[in-house]
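User: I would like to go through this model with you and ask, for each label attached to it, what the label rests on.

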Amino acid sequence: MRQTGFALRLVAICFPWLAAVLIAVIPRQLVRGAGFAAALVSVAASALLLIGAPARESLDEALMVLFSSLALGATLVIPKRDCTRAAIGGMLFVLGSTLLGYSAGNLLVLLAAWVLTTVPFFAARWFAVRTWRPRAALLLSSAALASAIFLIAVSGHSMSLDRLKAQSPGGLHVLALLTFAVILRKGICPAHAWVADAVEGGPVIPTVLLLNGHFGALLVAKVIVPLFPHAARDLFSALSYLALFTALYVAIRGLTESSPRPLLACIALSQSACILAGLESRTAEGITGALVHLIVVTVSTMGLFGILRLLEVRFGENLTTARHLGLGEHAPRLAVFFVVFGLALVGLPGTLSFCSQDLLIHGTLASHPLTGLLLPIATAMNAVSVFRMFTRLFLGKRRTGFTLMADALPREQWTLAAGVLFVVLGGLFPSSIVALQSAQAETVEQATHRENIYPGINAR
Amino acid sequence: LDVSQATLVFVVLAPGVLFAVFGMLWLMGWAPSERVISTATGLTFLMSVFGLVGMVVGLVWTSDDSVTVEFGNWFAVHDYRFPLVLMADWLSLPFLAMTVVLSGLIGRFSATYLHRERGFLRFFLLLQLFAFGSLLAFAAGSFDLLVGGWEMVSITSVLLIAFFLQRAAPVENGLRVFAVYRACDIGLLVAVFAMHHWAATASFHAGLPELSARQSMIVGLLLLAAAAGKAAQVPFSGWLPRAMEGPTPSSAIFYGAISIHAGAYLLLRVQPMIARSGLATALVLAAGAITAIHGTIVGRASSDAKTSLAYSSLTQVGVVFIEIGLGWTSIAIAHILGHAMVRTLQFLRAPSMLHDYHAMHSASGGEVPPTGQHLEDLFPRSMQLWLYRWALDRGHLDAILERALVHPLMRLSRIFVKLDRAGLRTPVSPSGQYAVSMKTTAGGKGDS
């Protein structure tokens, strides 16, 4: 059983890597198909792993299924113009590396995955960002994590996450470095600006794939909580305040942003910060809400950025939310997909985020009765920003010079419909998803509450 | 499930199922004809009306107080439960009946009124979603579930305000209304949390959560904020005239009948809780009284029929708030039902107002006596002029909210943008050029 699990994990991780290499030599018209096939294999292997995993220890597998499905959808939605060998290869490389990170039971493997996911973003031809901040943030976060792991190694402890549980290896210095890595990677204030820069200048869909790996949250759930339970309790308050402040700061910042990509980045970042706030609430509701919200944010932001890129390809890249563009006349189904994904991100009833927001708000308010109020306020502002973006892009007078319908193509339509169905059906029947995350949440919660019980989330 | 329970489930779910089916079919590329969608809508609400009549007869026959359907927990985490309970008692039944009757009538009216309108299907889909949201809110057995229906009503309301999507004004007004709704809904969310926190439940099908006097006051005030936002009470009244940009049938059902009274329903539901707190009661009375006076003054200076009717609605809802504050709940329910029916009729007749006036003019032999001067005559001339200016600007409520809240927030946002871009050259957009002209057409005006 153990060997089968290892083999499946190997397939899920290595297949995308192999495909990324192969894609360099195959004809361009086959690139999308090859990428799709590789991602599909990853999805299948991850799904088999999830089926075989015990409920309390299935967070990694659930994340693997989610991320590989996301990559699968990305290979279908990515417009023809962007579907180059480099783009698909890079996405598959990020997919394999992210799955490696989710599977890591060893600090060195985790560091390798952390660094590997950032590698494509240092290739200037692939990631043509205009500011220095994204690369600096990724580099510094990797350096901070590497330093923390080096200090753990020097202090003579093991590299195995299982053996290091509750050991507080390296003490406060290591904890500070790990926290620094989380802040940088997750885009927590004051290190938040790189996210908007990355999305604004770089290739949208691959960049969102990187951001949706949620490695910052993973580091909290997988390393900080199990390894530093005592210190984490005190640190969590500070991190929680920072996360809540980030959620509000970025939500306010988004109110006057007129460029669609940074605006969407602000909304996504604000909602992502809510995940961290929930994880740090130390309540079962908050942590479960955070884990469910991670799923919602991942699917919704991928859908939103995908639709935005499709609009850019059809109507030009200088889209703005400063005035009404009336694109809904030409792309009514994209408009509907956009509004559903957008409102699903901010707690539309009938979608999965309604449940996750409900749990998040309860958990955060229970642990921080006053500062927890920032969460519903930030979410309300994000909802206004989402709706403003929808109205400005899709409503208003129709365009001249563009008489044809430019709605979603069948492959885009079916992929986006699958995403919408997931968030809607997940919202109508949330009990299984919530129960799955709830089992994990109790494990994380116990790690911060009890002294002798550290079952961890990586006990295999 | 017995017959009554099955009927309740059908009444609540039917419009939602219809919305989901038609919506998914449209997304997959099939657009139903006007006849199909209007007939399906009409039949659904007709069956719902018969179902509700049967349910009322059943309740009277069995002398029961309510029909309750418990589906267990929608989801549960640790000690926290989200109960899925539907309930039809003597408070919710009038609201359920009002919703299905008026939704059916509006559906029938709109089949003709919006014939060949480009957004015909969209209107009916939103009407179904709105009916589902309203029925869910009124039939909810817990505040958790009520929030779901409540927010669905908000979203459909906003999407219908922006129905004529080629014109900028309705779209911008929809955004404005959405912002007010979301801001006020924070009160509801926090109140639900507070009930869970203090009483470990937010269900009310077996009685309201047990709270101390201080806790009741806090929850009551939070719910009052939510109710005031939804019912456009002062200081949130500014959104109501903006909401008149939507098509007339939606204005009728939202702001003449159902949505505008949802806030009153919420207060009726928690009236015992509010009655325990002097402060909450005083604030309910004050909000109602101020809104009633505000509505009647501003309504008299409104120059278009729908806005005038909207402010008349506001006045009546203000009076309903007073009745709730005084504990006259039965009178409040009767007032709501009567008001909703009359106001819906007035809204639906609003586009024919000139025609009606001419008919009345002819019938009265060319002389229609002026009415409504008695209130103005109570004030001296100088006061009348001052009040007129005040009413024209709708009590300066929008200006006050903008100066106190919106402008500082926007200023703060701009500062944050500058901070984030500090040390960078002005970012330029991605490399592409316009693929199509971004000029707008000269025409493209929608129906008003």
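Analyst: Let us begin with a term that is needed below: two residues are in contact when heavy atoms of theirs lie within 4.5 Å. Please keep in mind throughout that this is a predicted model.

User: With that cut-off in hand, which elements of chain B do the buried residues of H2(B) pack against?

Analyst: The buried residues of H2(B) pack against helix H1 (3-27), strand E1 (66-77), strand E2 (80-89), helix H3 (92-113) and helix H4 (120-139) of chain B. Among the buried residues of the helix are Ile37(B), Phe45(B), Leu52(B), Met55(B) and Leu59(B), and the list also includes Ser38(B), Thr41(B) and Gly51(B).

User: What makes E1(B) and E2(B) a pair of strands, and in which sense do they run?

Analyst: Strands count as paired if there are at least two bridges between them; E1(B) and E2(B) have nine bridges and are antiparallel. Within this pairing, Val67(B) is opposite Ala88(B) of E2(B). The hairpin has two residues between its strands, and there His78(B) takes a positive phi near 55°.

User: Why is Leu334(A) called buried?

Analyst: The label requires a relative accessible area under 20%, and Leu334(A) is at 0%, so it counts as buried. Leu334(A) belongs to helix H15 (residues 332-345) of chain A. Apart from neighbours within four places in sequence, its contacts include Ile307(A), Leu310(A), Phe394(A) and Leu416(A). Ala408(A) is also in contact with Leu334(A); these two residues are 74 apart in sequence, while their C-alpha atoms are 6.1 Å apart.

User: Why are Cys83(A) and Cys184(B) called buried, and how many disulfides does the structure hold?

Analyst: Cys83(A) has a relative accessible area of 5% and is therefore buried under the 20% cut-off. Cys184(B) is at 5% relative accessibility, so this residue counts as buried too.

User: How do you know whether the radius of gyration of chain A agrees with that of a compact globule?

Analyst: For 460 residues a compact globule would have a radius of gyration near 23 Å, and chain A has 21 Å, so the value agrees. Along the principal axes, the C-alpha trace of chain A spans about 70 × 55 × 45 Å. Its secondary structure consists of 19 helices and zero strands, and 68% of its residues are buried.

User: And what is the corresponding reasoning for the radius of gyration of chain B?

Analyst: With 448 residues, the globule rule gives a value near 22 Å, and chain B has 23 Å, so here too the value agrees. The C-alpha atoms of chain B fill a box of roughly 70 × 60 × 55 Å along the principal axes. Chain B has 17 helices and two strands, and buried residues make up 52% of it.

Conventions. Residues numbered from 1 in each chain as written. Chains lettered and ligands numbered in written order. Predicted model: local features only at pLDDT ≥ 70, side-chain atom pairs only at ≥ 80, totals over all residues. Heavy atoms only, no water. Buried < 20%, exposed > 50% of the residue type's maximum accessible area, 1.4 Å probe, protein only. Helix = DSSP H or I, 4+ residues; strand = E, 2+ residues; numbered from the N terminus. Rg over C-alpha atoms; globule rule 2.2 N^0.38 Å.
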